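Please look through the structure below, with its sequence alongside.

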Amino acid sequence: MSIPKRHPYDFDPTYGLGLADLRAIRPPPEAKGFDAFWQERYRKALAVDPSPSLTRSAIQNGKWIVHDLSYTSTEGFRIGGWLLLPHHGTVQRGLIVGHGYGGRDQPDLDLPVENTAILFPCFRGLSRSSRAPISPDPAWHVLHDIDDPDRYIIGGCVEDVWVAVTVMNTLFPGTTGRTGYSGISLGGGIGALAIPFDRRIDRGHLTVPTFGNRPLWLTLPTIGSANAVQAYSHTHPEVTETLRLFDAATAAKRIAVPILCAVARFDPAVAPPCQFSVANALPTKNYNEIFILDAGHFDYPGQQAQASALMAKVGTLFGTP
């Protein structure tokens with residue numbers, strides 16, 4: 001165990017909680033109309049014609065053929081990203097990969113999967129999907145249209161995932177019912193919100209997911225995007241009700257497919273109690289697995305070994321039929 005003891009923050013990124021304390025945390029009370037809110041958004045996302053466009057990328061790789069990709073998501077928002085196809089073998093599965101609030105400047109070329117088409121969308125407003133007036137700065141992006149649940153950008157990012165699944169299944173019909181989702185931090189929270197309402201997603205991997213247990217998320221000190229929302233909530237207390245509709249822990253209770261969830265005991269950017277709220281909300285099933293990291297969003301001894309062990313589990317999860 002190598003939980004960091006020294007750090008530059010004026011708060012404790014473990015929040016004084018041991019592993020037993022973290023495992024005891026439960027999701028908050030649900031917002032009224034939670035299911036109806038997301039089911040209606042999903043219905044609208046399914047009706048979108050994504051009109052995907054592919055061009056060969058300048059990126060060269062021995063395992064993957066890399067394409068630049070764009071598609072139309074909800075509200076006519078054009079999403080940019082990449083598509084990886086195997087040089088050898090046939091496409092038997094699909095995988096959608098979300099990113100953190102740092103955005104993405106290239107696809108991951110070292111994912112341990114075979115015979116898989118991998119789509120890397122950039123969430124609306126970020127990286128290849130940047131567009132005025134949305135700020136790419138996490139502190140502003142997370143506040144975009146936060147006063148309107150129907151237009152809040154986090155909901156749009158969830159829809160970007162659903163439309164990405166449509167793109168995958170359209171381009172590669174053999175991936176229908178055989179498409180997974182993997183996301184970290186921002187992408188982890190988005191995945192927790194997206195997966196339970198899209199039966200086309202058959203398994204998922206979430207690492208240090210954000211947006212879990214919003215009442216806690218709004219109170220715990222952090223250097224992450226929650227800090228901006230906390231400041232905003234001081235003058236706009238009504239935002240607390242909006243955020244209950246975007247609670248990743250509430251959504252995780254509804255996930256009915258295999259999930260590998262990696263959560264950290266120390267994390268200055270996504271408070272561990274909020275991460276564990278997501279993991280602990282997952283239905284108790286033999287096929288779900290919780291992987292404990294010593295830290296997230298912070299370098300620590302033993303990090304590489306833990307990352308390698310987690311990646312091996314990712315390969316097993318997405319490599320199975």
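Predicted model: local features only at pLDDT ≥ 70, side-chain atom pairs only at ≥ 80, totals over all residues.

Helix α7 itself covers residues 225–235. Its buried residues are S225, A226, A228, V229, Q230 and S233.

The strands come next. Strand β3 spans residues 78–86, and because 8 of its 9 residues are buried, β3 is largely enclosed by the rest of the structure. "Buried" here stands for a relative accessible area under 20%.

Strand β3 pairs with strand β2 (residues 64–72) in the antiparallel sense, over 9 bridges. Within this pairing, I65 has L85 of β3 as its bridge partner. The hairpin that β2 and β3 form has 5 residues between the strands, and in this hairpin E75 takes a positive phi near 60°.

Strand β3 also pairs with strand β5, residues 116–121, again in the antiparallel sense, here over 4 bridges. In this pairing L84 stands opposite I118 of β5.

I118 leads on to the nonpolar core. In soluble globular proteins, nonpolar side chains tend to be buried together. The largest nonpolar core in this model has 104 residues, and I118 is one of those that touch the most other members, along with W38, L119, I154, Y181 and I190. Helix α4, residues 153–171, supplies the largest share of this core, with 11 residues.

Definitions and conventions:
Residues numbered from 1 in each chain as written. Heavy atoms only, no water. Core = buried A, V, L, I, M, F, W, Y, C linked by side-chain atoms within 4.5 Å. Buried < 20%, exposed > 50% of the residue type's maximum accessible area, 1.4 Å probe, protein only. Helix = DSSP H or I, 4+ residues; strand = E, 2+ residues; numbered from the N terminus. Pairing = 2+ DSSP bridges.
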